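Me: Walk me through this model, one feature at a time. Give me the general idea, then the case.

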Amino acid sequence: MTPPPPGQGGGRPDGGARRPRRVAVVPHTHWDREWYDPFQTYRLKLVRLVDDLLDLMESDSAYRDFLLDGQLAVVDDYLEIRPEHEPRLAALAAAGRLTVGPWYILMDEFLVSGETIVRNLQKGIARGSAFGGVMEVGYLPDMFGHVAQMPQILRQAGLGHAVVWRGVPSVVDGTAFTWTAPDGSSVRAEYLVAGYGNGAALPEDAKQLVGRLRSMEEEFADFLSDDGPMLLMNGSDHLRPQPWLGRVVAEANGLQDDFDLAVTSLAGYLDEAAAAGQDELVEWTGELRSGARANVLMGVASNRVDVKQAAARAERSLEQLAEPLSALFVPPARWPAAFLDVAWTLVIRNSAHDSICACSADEVVDAVLHRYAEARQIGEGLTEQALAVVGRSMAEAGPVAVNPTAVERGGLVEVIVPAVGEAGPDVQVLSERMGMPGTITLDGATVRSMLGLLQGSRIEDGAYVTDAGLTQDDTGIEVTLVIGPEASEDTSVEEVKRELFTRLTTNPDVEVRLVIDQPPVRRMLARQAPVPGFGWARFTSAPLAHPVRLEGDPATGLTLANGLVTVAVDPTTGTFALDGVPGYGRLVDGGDHGDTYNYSPPTTDTVVDTPSSVTLVPGERGPVRATLDVVTTSTWPEYVDGTTHARAGTRDVVVTTTLELRADEPAVRVRTRFTNPSRDHRLRVHLPLPAPADRSRAECAFDVVERGLVAEGRAEEFGLPTYPSRRFVQAGGLTVVHEGLLEYELVDIDDADGPEPRATTLALTLLRATGMLSRLGMALRPLPAGPMDALDGPQMLGPVDVSYALCVADVDPYDLADEILVPLQVSGSFGGGDRSARGSELTVDGARVSSVRRVSGSVEVRVFNPTDAPTTVRIADRSGWLVDLRGRPVEPFEGSFVLRPHGIATARLDREHD
Ligand SMILES: [Zn+2]
C-alpha cells in the first residue's frame, strides 16, 4: 500500500472513488490472570478457551491469527494443566499464527519498580523462545497509564512498536504517534482510541459487520487518515474466540468495495500502518497519564496500602540486597539462580495490573500478599546467607558493616560488642548483659531437658552458644557452655547433647555440673565510619559530628535536634516544625465514597484535621538516635451513609506517630500507627513546602518525572492531580522518602485561577479505605470501571503502620532513599578468614545503579542517568560489554563509558581475575 500524499487530511472528496480501506482484524483475548475472580477460577475458563482455540485454528485456516494477550503467563498457566498440548501451541506459533509475549505478564507500570518491568520483559522473551520467539511489539493494552521511560525500555529490547490505550493525551489526534522517552529513544505508538476491544463480539452476519464498520469509520473519522488502515481488536476481557470470524470476514469482502478486511496479526498490521503514514505523527515525550479519552484510574496508587508496602519490601529485598550481595560476596558457583527465579516469578506475577493495583476480589489480594511475603522471605534469607559469607571470611573477629549500595557512606548500626571499659561519648548503649561465669549443679534429667530446648546455638537475640564441652571424673559430669554475642556455624552443642544423653542412659544418677561462661556484652548504637560502595568495613565507631539530642518537656513541647535539622513538636496540635517551618504531620481525614480505582469525596464531606488530645512521650535521648512519640486521639466519622451521601457515626482513634532523628543525618523519620476503625475515608498527612511550588519531581522507573499542579481529565473521569512516586518525591525544597506510600498531591494552591498558581503543601496519602471494587455514580468518575462488587479488604479495618522520612535540606533524593530504606547491614565474625578490614567488591560511580546480579556467571550492572547532562559511568578496574535488555552485545568498554542524559545502560563485566 502506498502512503497518501503528505499534508492531505479531512474526509474523502464526495463521490470520488477511493481504494478500499484496509481493515485489519486481530483476534485476541485480554486475560486478566486474577481480578474480580481468583486465579484458579479464571484458569478453569482459560483452559477451556485455549482448548477450543487450538481445535479452531487447526481446523479452520481462515481463522488465521490469534494474539495471546502479549503475555506468556497465559501460556504457562495453560500448560500447567495441559502439558501435552505444548507441541500444538508451538506448531501454531512456529507457523506465525499464534503470537505470544513479549511480556510475561501485563503489569502496572507505576506501582512496581523499573527492575520489575525489565525482568518481566526478559522473562517473557526467554520463555517465548520455546515458541519461536515473542511478538516484536510492546503491547500495553490495559495498563493504567505508562511510564516515561517505556519507549527506551522497548527500544533496548529491540522493539520499535508500542500499542497503548489509556493515558494518551488529547494532543494526540491520530491512531498513531511518536512516543519518545526522556533519553530521546522513540517508538511508533499505535493508539487504540476505542480500547483493545473495539472489534469485540463482531456480528455473525456479514451485512451487519459492514454496517458496523461504516459507523465506526464515521465515529473515528477524526483519527483516521483518508484511506489508512483501520484496526479491529477482536476480543476483550476474558472473551472467547468467535469461530465464524473467517467466514464472516470473507463474506463481508464479497459484499462491498469500501473495505478490504483481513484476519491478521498485530505485528503485520503495525508494519503496514507504519509504512502507510510515516510523516504525520504527533510526537509526545514522557509519561502517559492523561484521562482525556480513557480512565487512568489514579486512585489505585493508594488503594490497599498494605499491598504497596509489601511490594516495596519484596522488590527491595531482591534488587537492593539479595542480588547485589550474592553477586559480589558469594562464590559464583553458589549464585542462587533458582531461588531468585522463584522469587522474581512471584513478584512479576504480582505486577499484573489488577494484582498490584488490588482492584480485585479480597481472595486475590490475599494471594498477592502471600506471593510478596514469599518473595521477601527468599530475598531476606539470601541476604542473610551472603552476609554470613562476609562474616566468615573476615580476618579479624567482631562485627562487620556491609554497604549494599554503590555510594560510600557511614550510618547508624546496632552492634553487640564485649563490654570492656566505658562505652564512650559517641555511642548509645541499649542494654548491657553482665558476665555470667558460674557453676550450677543439677540432676541429669534437668540438664538434659534444658539442652533439649536449645535450637541450634541460639539462646536469645545477641546470645548464642559459641562453644560447648563435656568432661567426666569421679565426682560427676561437667558440661561447659560458652556464650557469645554472635551465632557460630559449627558449635559442638549437638555433640555434647548426644554425648550427655549416652552417658546418662548408662549412669542416670550421676551428678551433672553446668558451667556457663558468658562474658559481659553491650548492645549499642553507633555511627559506623564510612563503608565503601558495595564494600565492607570492620565495625568502627565514628566520632559524631552532629550528635542528636532530645530536649524539652512533654507538657510544653519536645525538640529533636542535631545541628543539621531541628524538629520541634507542638504539644497542642501534635504537629511539628522542621527548621522553623511549622505544621508538619497534620493528619487530614476526609470521606471517600469512591472505589478501589478512584477517590471520590462524598456529597457532604466531614474533614477532621485536629485531634481532641495530644500527648508527647519522650523516647531515646541520643546521642546517636533520639525519638519521641506523638500520641493523638481523634474522632473520625465511621462510614459514608449510602442514602445521605454524608459521613455518619463516630469512632475514636488513637494515632501514635514516632519521630526519629539520628546523629549526622538531615532527615527526620516518621512512623505512624493506628488501628483503623472507620470505613469509606481517606487519611493524608499534610506536609508544608518550605517554598511554594508549581511542580513536583517524583521517582519513576529509571528516572525522575516532573509534573505540574493539574492533570488532564474529562467528564467521565475528573483529572485528579494525585500522582504516584516510587520511593521519593520532591517539591518546594521538601524531599519525602516513603515505603509504599505511592500517592501524593500538591495542594493548598495560592493564586489557583491566576497566572502563577503555587502549591504550599504536599499531601501524602497514608490510607484510602473504600468498600466497592467499582461503583456507579461517583462524583469524580460516574461510570463503573469494573464489577460493582462489595469488598471488605479495601476498607483496611485494623492495624495500619506506615513510614516515611522528611528532609528540608538540599539532598540527593536517591542517596536519601537508600539511606532511609537500605541501611548498612551488619554481620558478626569470628575472624580467621582472609578478608581485609575494609574494601569494596565493585566501584560504580557517575550514574545510579538499578541492578547488580550474575547472568551466565558474569556480574551484570544496570545503571541509569537521571540527569539532563551526559555522564561518564566508571566501573573501576573492570571491563566488559554493554548489552541490550536481551543480553545482546552493543559495544565493549574498559573501565568507563559515557551515558546520555536519562539513558539506561547494562554492563556485563568480564569474569574476575581472582
Ligand atoms: Zn486488564
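Reply: Helices (H or I, at least four residues) and strands (E, at least two) are DSSP runs, numbered from the N terminus. This is a predicted model: local features need pLDDT of at least 70, side-chain atom pairs count only at pLDDT 80 or more, and totals for chains, interfaces and linings use all residues. Residues are numbered from 1 along each chain as its sequence is written, and side-chain values use heavy atoms, with hydrogens and water left out.

Me: Which residues of helix 3 are buried?

Reply: Buried means under 20% relative accessible area, exposed over 50%, partly exposed in between (1.4 Å probe, protein chains only). In helix 3 (residues 86–94), the buried residues are Leu89, Leu92 and Ala93. They fall within an arc of 100° seen down the axis, so they line one face of the helix. That arc is taken from the directions from the helix axis to the C-beta atoms. Pro87 and Ala94 are exposed on the face turned away. Just after helix 3, glycine 96 has a positive phi of about 75°.

Me: Which residues coordinate the zinc ion?

Reply: Donors are N, O and S atoms within 2.8 Å of the metal (3.2 Å for Na, K and Ca); water is not among the atoms, so sites may look incomplete. Here they come from His30 (NE2), Asp32 (OD), Asp142 (OD) and His353 (NE2), at 2.1 to 2.2 Å. Histidine 30 sits in the loop between strand 1 (21–27) and helix 1 (39–59), and histidine 353 in helix 11 (residues 353–356), so the pair ties together parts 323 residues apart in sequence. Histidine 30 is buried at 0% relative accessibility. Histidine 353 is buried too, at 3%.

Me: How do I read a sheet? In what order do the five strands run?

Reply: Strands of a sheet pair through backbone hydrogen bonds, either parallel or antiparallel. Two strands pair if DSSP finds at least two bridges between them. The five strands form an open antiparallel sheet, ordered 26-33-40-39-36. Strand 26 (586–591) and strand 36 (723–724) are at the edges with a single partner each, so one side of each has no neighbour in the sheet. Strand 33 (residues 681–693) and strand 40 (residues 758–769) pair over nine bridges. Arginine 684 stands opposite threonine 765 in strand 40.
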